Amino acid sequence: MVISFALSCGAADLFRDDFSRFPPGWLSSPMGMLNAAIQEYHYLPHRGVPLGPWANAIAHMDAWMVSDEDGHPYLEELLDSTSKQWSYPIFLTGEPEWDDYNVEVKVKPLNLADSAGVAFRYRTNRSYYYFALTEGNKATLRLHLPLETALRRRDWKDLGSASFKYDTTHYYSLRLEGEGPRIRAYIDGKLVIEANDSELLHGKTAIVTTGPARFQDFHVWTSDTRAQQIAARIASRNAELDRLRSANPKPVLWKKFNTPKFGAGRNVRFGDLDGDGKIDMLIAQNIPRVRGDAFDQISCLTAVNLDGKILWQSGRPDPRNGLLTNDTPFQIHDIDGDGKNEIVLVRDFQLQILDGRTGKLLRSAVMPKLSTGDKEHPYDLHPGDSIAFVNVSGNKGRHEILVKDRYTHFWIYNNKLELLWKGDGQTGHFPYPAEIGNSGKDSLFIGYAMWSAEGKQLWSNDKAIRDHADGLMVGNLTGDANAAPRVYASGSDEGFLMMDLDGKIRKQVRVGHNQSPSVGKYRPDLPGLQYMSVNFWGNPGIITLFDAEGTILAQDEPIHTGSPMLPVNWRGDGQEFVLLSGNIKEGGMIDGLLRRVVMFPDDGHPDLAANVIDLTGDQRDEIVLWDQERVWIYTQDRPFAGSKIYAPIRNPDYNESNYRTNVSFPRWEAVRR
């Protein structure tokens, strides 16, 4: 085995690997019914074999295997170009501080239709230089551009090409050399392309393919002087991170308990179930049906307090039913306004209301029938997808129930489970109710459409926007109290969208498959609030920070899996962070410059799923981390100092979803003593 990172003063090698450290076989394994969507909001460090110091940048693709050829190990990409979902497999390593370096790898293409090569100065999986053998007869050097100009169209800047006939029986040594904007590309030691481009001057390096190919003997090196400079920059960066982390409260364990047999992934609701004024957890297990992420049946509900005491349980627990890749229709809410919380859910093709204290059924109604035109629906009745509470009556509070399917229909019921009205369209994942003006009622924003409280569709962009809304919110993010609210959406492959209240699309930025947005005060030095989102399908882990006008403020790729992007009021001073995950290396909390400014201790805690909620009552947030067996809760290691504390207005806990936009609007309060 040969593998090394060398950044000491006398060493010119930055990295070297012959792939012998990996066991033979697939480095990741298909996830079966759970499919790769499990990684959207569950953190998985890998899908099979630990990869460090490499990473599978396209985390949802099982693309890589290792074996030996004539006694020499190789890495192989084993998917053909028809299975890419608008993405190329990327096997990534290195440091963002690497700049003037050389990278070389031996490549054996396994067909002549696809390309295979090496990337360098990699910033994100949508921004890097790519030198590759392609089409059986040439080599190309290209710059991958970070933004698309049309839906699902990969955009490149061509920097040069050279005729080079190759076959599928030989290894070819591909080398890139970079010195400032000057880039030189070699095959078997011969210079074939030379270009000048200053778009990317530093970054990681990677193996990239569009189809099957083998790779051997990966090597990155630079001059002794440059190695010392890189090492100094890395040390300076790490020292700055240490300073920032020291200035922030550290997470300390507040409570922990076990969830034997009844635990689940990110399928949990928080609310006071037993009426003691304290937050409890409601954990739902589910049985996937038909195609794994559209028709789940809630099989077991377990109510526990934060000391781990089971309050009640409905259904039979089974550890096999803990994970999911979609929303499930259940919420905790005081649906009748009597001061006691109920559970509202869809189960057994019924919309049900349960007593929050006991789990006993109080009321039910049969779900609507499916129309004959619905596809992929094998049932006579709708099984439900998610639930939200709205106010369409004008009464105080949100006591009407919105039930939707995935992704075409929704229904509005009163709290007696009587159907008031229904709607159809491209509904996206989760609605956003908002009172516009002083009507005393909610308008409903669902998908790319706006509906009145009376059930009239006021406008729709369903035909103009082809991919569904992964996240949606409405509000004034500008900092100008007189500015009109706008509609913001993370539109999956359509990227970031901003619309006005008349439905006109004001801004669209095609950053990739955009989802899991959150809104908060991530940059106190700038006016208003910021919109932060993360990509998944096709280009996972790219985080983008936008201002209120949709201008990109920052973009990076700090993590590839499991980031619900939750705003965190950790300090209480008006600076909010975003939670990536609970992982001790790839997780933590980032600030508005996308720096990991809070990290979790290496104490054996779970990191599969996470939520953010004030549990101790001091207006700052706690972090709840859990997996299928355990729940650990972290709070700050120090009290808040001051008389006024930041206490932002958040989405109500009764409208929880794996797909909602998590919003955090400014508010200050006196410190509670």
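Reader: How many of the six residues of strand β24 (residues 342-347) are buried?

Author: In this predicted model, strand β24 covers residues 342-347 and is mostly covered. Its side chains are divided between two directions, with E342, V344 and V346 pointing one way and I343, L345 and R347 the other way, and all are buried. The number of buried residues in β24 is therefore six of six, where buried means under 20% relative accessible area.

Reader: Which residue of β25 stands opposite V344?

Author: Strands β24 and β25 pair in the antiparallel sense over six bridges, and they form a hairpin with two residues between them. In the turn of that hairpin, D348 has a positive phi of about 55 degrees. Across the pairing, the residue of β25 that stands opposite V344 is I353.

Reader: Which residue stands opposite E342 in β24?

Author: On this pairing, β23 and β24 run in the antiparallel sense and are joined over four bridges. The residue that stands opposite E342 is H333.

Reader: What is the bridge partner of Q350 in β26?

Author: Strand β25, residues 350-355, pairs with β26 in the antiparallel sense, and five bridges join the two. For Q350, the bridge partner in β26 is V366.

Reader: Which residue in the turn between β21 and β22 has a positive phi?

Author: Five bridges join β21 to strand β22 (residues 310-315), and the two run antiparallel; within this pairing, the bridge partner of L301 in β22 is S314. The two strands form a hairpin with four residues between them, and the residue in the turn with a positive phi, of about 90 degrees, is G308.

Reader: Which strand gives the most residues to the lining of the second largest pocket?

Author: About 830 Å³ of space lies in this pocket, and 39 residues line it, of which I279, I613, D614, L615 and D653 lie nearest its centre. The elements that give two or more residues to the lining are β18 (251-258), β19 (268-271), β23, β43 (566-568), β47 (609-613) and β51 (649-650). The strand that gives the most, with three residues, is β47.

Reader: How many residues in the lining of the second largest pocket are charged?

Author: Sorted by class, the lining of this pocket has 15 nonpolar and ten polar residues. The number of charged residues in the lining is 14.

Reader: Is L402 buried or exposed?

Author: L402 is found in strand β28, residues 400-404. Its C-alpha atom is separated by 4.7 Å from that of I412, ten residues apart along the chain, and, not counting residues up to four places away in sequence, L402 touches several residues, among them F410, W411, I412 and L444. With a relative accessible area of 1%, which falls under the 20% cut-off, L402 is therefore buried.

Reader: How far apart in space are H72 and Q216, C-alpha to C-alpha?

Author: H72 lies in strand β6 (residues 72-77) and counts as partly exposed, because its relative accessibility is 27%. Leaving aside its neighbours within four places in sequence, H72 is in contact with S67, Q216 and D217. H72 and Q216 are 144 residues apart in sequence, and their C-alpha to C-alpha distance is 8.2 Å.

Conventions: Residues numbered from 1 in each chain as written. Predicted model: local features only at pLDDT ≥ 70, side-chain atom pairs only at ≥ 80, totals over all residues. Heavy atoms only, no water. Pairing = 2+ DSSP bridges. 1 Å grid on protein atoms, 1.4 Å probe; cavity = no way out; pocket = protein on both sides within 12 Å on 5 of 7 lines; lining within 4 Å. Points joined across faces, edges and corners; volume = space filled by probe spheres on them. Nonpolar A, V, L, I, M, F, W, Y, C, P; charged D, E, K, R; others polar. Buried < 20%, exposed > 50% of the residue type's maximum accessible area, 1.4 Å probe, protein only. Contact = heavy atoms within 4.5 Å.
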